[in-house]
Amino acid sequence: MRQRLTARAVVVGDRSGTVVPDAVVDVEDGRIAWAGPAADAPPAGDAEVVALPGLLLPGLVNTHSHAPMVLFRGQGEGLPLDRWLREVMWPREARLTPDDVEVAMTAASAEMLRGGVTTSVEMYFEPARIAAAVGATGARAVIAAPMVPLPGMPPLEEQLAAAVDLAAGAPDDGSVEYGLGPHAAYTVPLPLLRRAAELAREHGMLLHLHVAETAGEGADLLAEHGLSVPALLAAHDVLGGRVLAAHCVHMDDGDLELWAEYDVAVAHCPASNAKLASGVARVRDMLDRGIRVGLGTDGPASNDGLDLLADVRLAAQLARLAGRDATALTAAEALWLATGGAADAIGRPDLGQVTAGRRADLVHVDTRDLGFEPVGDPADLLTHLVWSGVSRLVRDVWVGGRQVVADGAVTTVDAGALRAEVAARAARLAGQS
Ligand SMILES: [Zn+2]
């Protein structure tokens with residue numbers, strides 16, 4: 001089936017922030033067949049033509065998420081991290097069932113689609129249930145099977161073997177991809193990290209872990225080994241291949257050089273880092289060294305939203321504040337970190353841009369709103385998209401050419417029923433029913 005979408009403008013999602021006014025996007029078999037100015041478009045032929053009054057942009061790519069934690073959104077607000085973990089999170093997670101994870105992920109996935117996020121990198125328990133949830137909503141996910149030594153969990157070697165087995169059964173349509181998610185160097189023993197990295201390289205899988213989120217987390221490792229966490233990971237053969245490191249807030253120049261040398265990508269989570277007072281990642285320095293960076297929301301218990309477009313604005317704000325320089329991150333670059341740059345960061349060149357050959361993951365943002373005036377130049381549309389707080393104006397979303405949000409509502413699942421389910425399960429997990 002062929003479909004032609006016409007739009008006021010297309011925001012390509014490239015680093016330079018290309019905006020194509022009066023644009024056409026042709027979609028065929030789930031891919032973008034052609035994209036560009038209407039004046040240059042090939043004949044429409046028998047394609048169904050859909051005229052959109054606003055902007056078409058690539059589906060956003062959320063590079064770091066623990067989305068099923070929507071069940072814990074807002075719980076323990078204002079507590080310091082150790083009390084939040086001991087009194088709020090761990091008791092709830094101890095009661096968590098596989099059904100809870102699937103329902104929560106379905107709800108979170110619907111919420112993300114509603115905000116224009118079509119792909120997320122997930123790290124959470126029950127990866128097969130997370131896959132089932134995005135199967136229901138029609139979104140995409142790269143699911144890093146979590147490895148963490150917790151009471152009641154199988155030994156880490158078994159967790160690793162199960163994750164590799166799971167990956168072998170993934171569908172081949174790009175909807176779900178499995179990766180390996182050893183939590184972090186301060187929680188997972190180094191030999192296991194080395195083994196996970198070896199297997200990830202062998203199978204071409206994404207290796208996803210947390211690095212340098214807080215100032216103190218590497219202190220014990222530094223005392224024991226005399227190396228920073230990045231240097232320790234390099235020394236233990238964990239780097240190389242598709243490695244995606246979340247946060248990377250506390251990195252010195254040497255650490256950044258290692259990231260550039262091993263082509264380690266960064267999932268930058270500005271909202272989580274701000275909420276938990278972790279610090280501000282050195283995004284400008286990373287980009288200047290050629291390090292791949294994508295934006296992530298992190299889990300909804302530490303953001304507390306899944307609104308990646310809001311985090312685009314925050315990323316630009318924090319980079320400018322940290323550098324005391326209004327040019328430290330342009331609007332175009334900030335948006336690229338959630339689109340083309342994010343796709344690069346997770347090693348998925350089939351996603352993240354409105355260009356021919358990529359998957360037809362598309363977002364229509366209605367520009368018939370006061371938040372989108374004035375527009376003197378087409379580039380102003382991208383500026384407003386980043387700075388004007390307009391994620392509420394996402395009207396329609398397609399994933400692989402299939403429409404999953406129409407006129408502001410998710411079409412694949414019942415959002416009202418999910419709200420009731422999330423509320424009931426969250427109350428049970430909190431020990432209130
Ligand atoms: Zn995380």
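Buried means under 20% relative accessible area, exposed means over 50%, and partly exposed lies in between, with a 1.4 Å probe and protein chains only. The model is predicted, so local features need pLDDT of at least 70 and side-chain atom pairs pLDDT 80 or more, while totals for chains, interfaces and linings use all residues. Residues are numbered from 1 along each chain as its sequence is written, and side-chain values use heavy atoms, with hydrogens and water left out.

**Exercise 1.** Find the protein donors of the zinc ion and state their spacing along the chain.

*Solution.* 
- Step 1: Donors are N, O and S atoms within 2.8 Å of the metal (3.2 Å for Na, K and Ca); water is not among the atoms, so sites may look incomplete.
- Step 2: NE2 atoms of His64, His66 and His210 lie 2.0 to 2.2 Å from the zinc ion.
- Step 3: Along the chain, the spacing of these donors is H-x1-H-x143-H.
- Step 4: His64 has a relative accessible area of 0% and is therefore buried. His66, at 11%, also counts as buried.

**Exercise 2.** Determine how strand 11 pairs with strand 10 and with strand 12.

*Solution.* 
- Step 1: Strands (E, at least two residues) and helices (H or I, at least four) are DSSP runs numbered from the N terminus. Two strands pair if DSSP finds at least two bridges between them.
- Step 2: Strand 10 (residues 207-211) runs parallel to strand 11, with five bridges. Opposite His210 stands Ala246 of strand 11; His210 is also one of the zinc donors.
- Step 3: Strand 12 (residues 265-268) pairs with strand 11 in the parallel sense over three bridges, and Ala245 stands opposite Val266.
- Step 4: From strand 11 the chain passes through helix 8 (residues 253-262) to strand 12 in a right-handed β-α-β crossover. Right-handed means that, with the strands pointing away from the viewer, the path from the first strand over the helix to the second runs clockwise.
- Step 5: Strand 11 (residues 243-247) is mostly covered, with five of its five residues buried.
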